[in-house]
Amino acid sequence: MELELEGADLKAVLNRLRRAQGQISGVIRMIEEGRDCEDVVTQLAAASRALDRAGFAIIATGLQQCIADVESGRRNGEDTEQMRARLEKLFLSLA
């Protein structure tokens with residue numbers, strides 16, 4: 001399954017990933033500076049949420065593309081059950 005992110009979807013995913021990247025840099029800096037544990041964990045949790053949201057957006061886009069492929073009969077040799085199993089595995093990887 002090839003992922004094709006375009007337009008607003010691409011921009012939203014990239015923004016979430018850049019936000020997470022900045023938050024992770026902030027966590028590293030906070031640890032190096034010996035900042036308060038609670039502040040570090042709060043920032044780390046925010047980075048984790050940003051990564052999760054980017055992952056879910058990517059999976060949602062992939063799901064839309066798979067549905068379109070199934071409806072148009074293009075499944076690259078995969079049957080519907082195989083595709084469903086792969087998508088389920090992707091969702092669970094973020095759980």
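Trainee: Which residues form the nonpolar patch on the surface?

Mentor: The patch consists of Leu10, Leu14, Leu17, Ile24, Ile28 and Leu51, which together have about 430 Å² of accessible area. Accessible areas come from the Shrake-Rupley method with a 1.4 Å probe, and for residues only the protein chains shown count as cover. A patch takes residues with over 30% relative accessible area and no salt bridge; like charges are joined within 9 Å, and nonpolar side chains (Val, Leu, Ile, Met, Phe, Trp, Tyr) within 5 Å. Please note that this is a predicted model: local features need pLDDT of at least 70, side-chain atom pairs count only at pLDDT 80 or more, and totals for chains, interfaces and linings use all residues. Residues are numbered from 1 along each chain as its sequence is written, and side-chain values use heavy atoms, with hydrogens and water left out.

Trainee: Where does the largest share of the patch come from?

Mentor: Helix α1 supplies 5 residues, the largest share. Helices (H or I, at least four residues) and strands (E, at least two) are DSSP runs, numbered from the N terminus. Leu51 is in helix α2, residues 37–72.

Trainee: Is Leu51 buried, partly exposed or exposed?

Mentor: Leu51 is partly exposed because its relative accessible area is 39%. The classes are buried (under 20%), exposed (over 50%) and partly exposed in between, with a 1.4 Å probe and protein chains only. Ile28, in helix α1, is also in the patch and is partly exposed at 44%.

Trainee: How many helices and strands are there in the protein?

Mentor: There are 3 helices and 0 strands, in the order α-α-α along the sequence.

Trainee: And what span should α1 have?

Mentor: Helix α1 covers residues 7–32, and its 26 residues should span 38 Å at 1.5 Å a residue; the end C-alpha atoms are 38 Å apart, so the two values agree. The expected span is 1.5 Å times one less than the number of residues.

Trainee: Which residues of α1 are buried?

Mentor: In α1 the buried residues are Val13, Ala20, Gln23, Gly26, Val27 and Met30. As background, an α-helix has 3.6 residues a turn, so residues three or four places apart point the same way.

Trainee: What is Gln23 in contact with?

Mentor: Setting aside neighbours within four places in sequence, Gln23 is in contact with Gln43, Ala46, Ala47 and Ala50. Contact means heavy atoms within 4.5 Å.

Trainee: How far apart are Asn15 and Ala54 in space?

Mentor: Asn15 and Ala54 are 8.6 Å apart, C-alpha to C-alpha, and 39 residues apart in sequence. Asn15 lies in α1 and is partly exposed at 36%. Ile58 belongs to α2 and is partly exposed, at 29%.

Trainee: What about Leu44 and Ile28?

Mentor: Their C-alpha atoms are 9.4 Å apart, and the two residues are 16 residues apart in sequence. Leu44 is in helix α2, partly exposed at 45%. Leu44 also lies 9.9 Å from Ser25, C-alpha to C-alpha, with 19 residues separating them in sequence.

Trainee: Changing topic: which side chains meet in a salt bridge?

Mentor: Those of Glu33 and Arg35 do, at 3.9 Å from N to O; the total count is 1 salt bridge. The rule asks for a side-chain nitrogen of Lys or Arg within 4 Å of a carboxyl oxygen of Asp or Glu. Glu33 is exposed at 53%, whereas Arg35 is partly exposed at 43%. Just after α1, Gly34 has a positive phi of about 70°.

Trainee: Which element has the lowest mean pLDDT?

Mentor: Helix α3, residues 80–93, has the lowest mean at 76, while α1 has the highest at 89. The protein averages 81, and 82% of the residues score at least 70. pLDDT is the predictor's confidence in each residue, from 0 to 100.

Trainee: What share of the residues counts as buried overall?

Mentor: Of the 95 residues, 22% count as buried. The protein exposes about 6800 Å², and carbon and sulfur atoms supply 54% of that area.
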